[in-house]
There are 2 protein chains.
Amino acid sequence: MILVTNDDGIVAPGIKALVEVARKFGEVLVVAPDSPQSGQGHAITIQQPLKLREVELFEGIRAFECSGTPVDCVKLAKNVILKNSQIDLCISGINHGSNASINILYSGTMSAAMEASLEGINSIGFSLLDYNFGADFEASGMVAEEIISWVLEHGMGPTKLLNVNIPKGKRSDIRGIRICRQAEGRWVEEFQEGTDPRGEKYYWLTGKFECLDERADTDIKALSENYVSVVPSGHNLFVAEALPFFSTLEK
Amino acid sequence: MILVTNDDGIVAPGIKALVEVARKFGEVLVVAPDSPQSGQGHAITIQQPLKLREVELFEGIRAFECSGTPVDCVKLAKNVILKNSQIDLCISGINHGSNASINILYSGTMSAAMEASLEGINSIGFSLLDYNFGADFEASGMVAEEIISWVLEHGMGPTKLLNVNIPKGKRSDIRGIRICRQAEGRWVEEFQEGTDPRGEKYYWLTGKFECLDERADTDIKALSENYVSVVPSGHNLFVAEALPFFSTLEK
């Protein structure tokens, strides 16, 4: 059983492309948000109940739209729909826009995949470097197929989560696949300020990503050279190297 | 300048306790959500504008309530209110409930601190192992004061983020402070199922945390022995050990 989810919502072209790839590998279940959930990170819905509705969007494939976040979708898929029966692979995306570098932290697409990985399920998040709703997912679908095929054959070894980002363009423009580290970077934020119809001031988040990493083996570097970036990722944020520094705080 | 935020909302007793500690160390700015935002993880608000309202809740201290997530609060504090002037320390909490182990991923409290750390700001999230709104924050306030004092003196060395969890009880019941690793664990989920007033089925998330880690130096272990756990944490999810495994995927 392959679980497919995303954060752009169940009607986004990116998830349709991924479902068409997934169905080549076996039985597929789709559980995805009923509205765009970009930037939801690892949010879960605890203050209110969730709705789940079966929809017919993908021929011959069971699909549900969910009122919650991408992480909620994975929890509902596993616990309610599949009643904890086996999920062989969870794939999330194809996201409309990059989730390279620190964007893994903000991304609902990657958090959904990470949630499945926390349950021991091999999980991959796919993102295309094109924010347009009408983006062309042909090449990214082909790349997703290559990677899923490799993972189903080889497994995922010491990690359970891959962050895959795919350059824009035709398949022939993509130079290859590189295994990378997560680049250091930051968002330089600006807020669009305005006044609402009631005369109250508002702030609307916008900004520009800035790579702060010159190393040759980062995801940002690979993407800049038209390679697909694959970052083996985890969920443990502990920094072991910091232990000696804090030793005098211990008592 | 010390920035104080949380995820339980600006009127939660936990943030009041933390503000009272923070004011002993210098100038304080409070920017916190106008409603409970537990479980919001690293969510940001991009689909709609944010509101920011100055409130008088803490005598002599500038405070703003924000309509967004904990991460939004940090972005607005830094970019709009402080216009990128220096923040010496960001402290988040005191959270009503544990953020040990993988709960760092779901926690708005920890994500707010992590967001500040991404900007190079030394950041600490504090959580008390008591979910009650009326929890007693006296001992946890004292612990927060000790740790803030240490960090202001020594800095934070090779990391910018600490995940601090504090056992319930009196200060004299707390045996000490331990620097720990993030325990491996999982949530065993159950969904409360019901039918809403319109006859539609709903699912409400609930569950039980299960520690899957027997090591002696984890946060869960320290807390179980009535020690404060301090986990030096990062934001880079890359798993370097996985590189050789995926080498044949590279091409």
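Modeller: In this predicted model, helix α1 (residues 13-22) of chain A lies across β1 (2-5), β2 (28-33), β5 (89-96) and β6 (123-128) of chain A. The helix α1(A) runs at about 145° to β5(A). A further helix, α2(A), lies across β1, β2, β3, β4 (62-66) and β5 of chain A, at about 140° to β2(A).

The strands named here belong to an open sheet of nine strands in chain A, with mixed pairing and the order β3-β4-β2-β1-β5-β6-β7-β11-β8. At its edges stand β3 (52-55) and β8 of chain A; each has a single partner strand, so one side of each is left without a neighbour in the sheet. From one strand to the next, the twist averages 20°. Within the sheet, strand β7 (residues 161-166) of chain A is joined to β11(A) by five bridges, and these two strands run antiparallel. In this pairing, A:L162 stands opposite A:P232 of β11(A).

Parts of this arrangement also take part in the contact between the chains, to which chain A and chain B contribute 64 residues each. Among the elements of chain A that each supply at least two residues to the side touching chain B are α2 (70-81), β8 (176-179) and β11 (227-233). The residues on that side of chain A comprise 35 nonpolar, 18 polar and 11 charged.

A rotation of 180° with 0.0 Å of shift along its axis superposes chain A on chain B, with an RMSD of 0.0 Å. This is the relation of a two-fold axis. The same surface serves both copies, as 100% of the contact residues of chain A recur in chain B.

Terms used. Residues numbered from 1 in each chain as written. Chains lettered and ligands numbered in written order. Predicted model: local features only at pLDDT ≥ 70, side-chain atom pairs only at ≥ 80, totals over all residues. Contact = placed C-beta atoms within 7 Å. Helix = DSSP H or I, 4+ residues; strand = E, 2+ residues; numbered from the N terminus. Nonpolar A, V, L, I, M, F, W, Y, C, P; charged D, E, K, R; others polar. Least-squares fit on C-alpha atoms with pLDDT ≥ 70 in both. Pairing = 2+ DSSP bridges. Axes fitted to C-alpha atoms, helices over the stretch in contact; angles between N-to-C directions.
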